[in-house]
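Thanks for coming, everyone. Please have a look at the fold on the screen, and I will then walk through a few of its parts.

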Amino acid sequence: MLSYHPYTDSNSVETSCLLDVQQLTLRYGRHIAFEDISLPIYSGQITAIVGPSGCGKSSFLSCLNRMSDLVPDCYVEGQILLGDMDILHLATDTLSLRRRVGMIFQRPNPFPLSIWENLALPLREHGITPRHQLAETIETVLRDVGLWSEVKDRLRQSALALSGGQQQRLCIARALVLQPEVLLLDEPCSALDPIASGIVEDLIVRLRPRYTQVVITHNLAQASRIADQMGMFWVQNGVGQLIEFGSTQQMFAAPTHELTAAYVSGGKG
Ligand SMILES: Nc1ncnc2c1ncn2[C@@H]1O[C@H](COP(=O)(O)OP(=O)(O)O)[C@@H](O)[C@H]1O
Ligand SMILES: [Mg+2]
């Protein structure tokens with residue numbers, strides 16, 4: 001049974017639901033990865049998705065921009081609304097959806113091209129070609145992710161020569177060039193050393209509230225530092241479930257599900 005805390009904000013600031021997930025179920029062939037997940041993603045906030053490996057966190061995230069379409073034999077049921085866009089509707093244009101909902105993976109995956117090309121390519125793909133416009137946007141996003149001073153003199157060099165942490169910030173910059181509304185981050189820090197991880201974490205915090213972010217993390221201390229809301233996934237009877245959702249503060253201080261209590265206190269998972 002899902003324990004659901006209605007959203008409460010200590011400052012009573014009005015916030016709205018940007019992504020509304022209703023009764024979402026995902027199967028790989030006959031295997032149900034997760035079922036019947038409903039939760040709101042609030043605008044301008046950071047929502048953490050936590051839970052042990054294999055409980056369906058990455059699969060869940062992949063539905064939010066229909067990357068799940070790319071997996072053979074993957075079936076998704078339910079409804080996800082992004083404003084007036086019905087994300088799972090067959091007629092929904094995935095190119096414009098992915099422009100609104102960008103994704104960052106655990107392993108930094110820059111294209112094997114120059115730093116400049118990594119950022120220019122998605123812009124050109126969406127029809128933005130004037131050089132001055134490319135240059136302006138590229139500088140802005142590199143400043144946004146704190147990379148500009150580190151790379152401004154080597155924009156034509158390979159992105160693969162950057163450190164892991166710099167590559168991850170470049171991947172975040174690449175997601176930002178198209179000015180998405182939502183960023184999906186699947187364990188964005190777990191392949192990085194502690195210093196690079198801290199820099200990326202600070203960046204995620206700085207990007208709030210300009211972007212609505214959904215972050216999968218195995219690091220509960222990180223979730224408690226950065227997330228406004230938290231969804232706790234668990235495998236029950238071989239199927240991923242959302243067992244609790246609510247404000248991070250509340251879920252750490254007074255979890256209502258015994259598995260959440262055990263997990264956040266380090267006793268389980
Ligand atoms: N491409 C796939 N094909 C088949 N099964 C998959 C695929 N990806 C994930 N799974 C299965 O779905 C379940 C959930 O996986 P995943 O979403 O990766 O969990 P998490 O991110 O929480 O570790 C697991 O049982 C996993 O083995
Ligand atoms: Mg995963």
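Predicted model: local features only at pLDDT ≥ 70, side-chain atom pairs only at ≥ 80, totals over all residues.

**Helices side by side**

Let me begin with helix 6 and helix 7 (residues 194-207), which pack at an angle of about 20° with their axes 9 Å apart; helices here are DSSP runs of H or I with at least four residues, strands are runs of E with at least two, and both are numbered from the N terminus. The axes are lines fitted to C-alpha atoms, for helices over the stretch in contact, and the angles run from 0 to 180 degrees between N-to-C directions. That angle makes helix 6 roughly parallel to helix 7, where angles under 35 degrees count as roughly parallel, over 145 as roughly antiparallel, 65 to 115 as roughly perpendicular and the rest as oblique.

Residues are numbered from 1 along each chain as its sequence is written, chains are lettered from A and ligands numbered from 1 in the order in which they are written, and side-chain values use heavy atoms, with hydrogens and water left out.

Which residues make the contact of helix 6 with helix 7? From helix 6 they are Gly-165, Gln-168, Arg-169, Ile-172 and Leu-176, and from helix 7 they are Ala-196, Ile-199, Val-200, Leu-203 and Leu-207, contact meaning heavy atoms within 4.5 Å. These residues divide into seven nonpolar, two polar and one charged, where Ala, Val, Leu, Ile, Met, Phe, Trp, Tyr, Cys and Pro count as nonpolar, Asp, Glu, Lys and Arg as charged, and the others, Gly among them, as polar.

Helix 6 (residues 164-176) also meets helix 4 (residues 131-144), and here the axes come within 9 Å and cross at roughly 130°, so helix 4 and helix 6 are oblique to each other. Val-141, Leu-142 and Asp-144 of helix 4 touch Leu-170, Ala-173 and Leu-176 of helix 6, and this set holds five nonpolar residues, no polar ones and one charged.

**A hairpin**

Turning to the strands, strand 2 (residues 17-28) and strand 3 (residues 31-42) run antiparallel and are joined by eight bridges, pairing being counted if DSSP finds at least two bridges between two strands. Val-21 stands opposite Leu-39 in strand 3. Two residues lie between the strands of this hairpin, and Gly-29 in the turn has a positive phi of about 60°.
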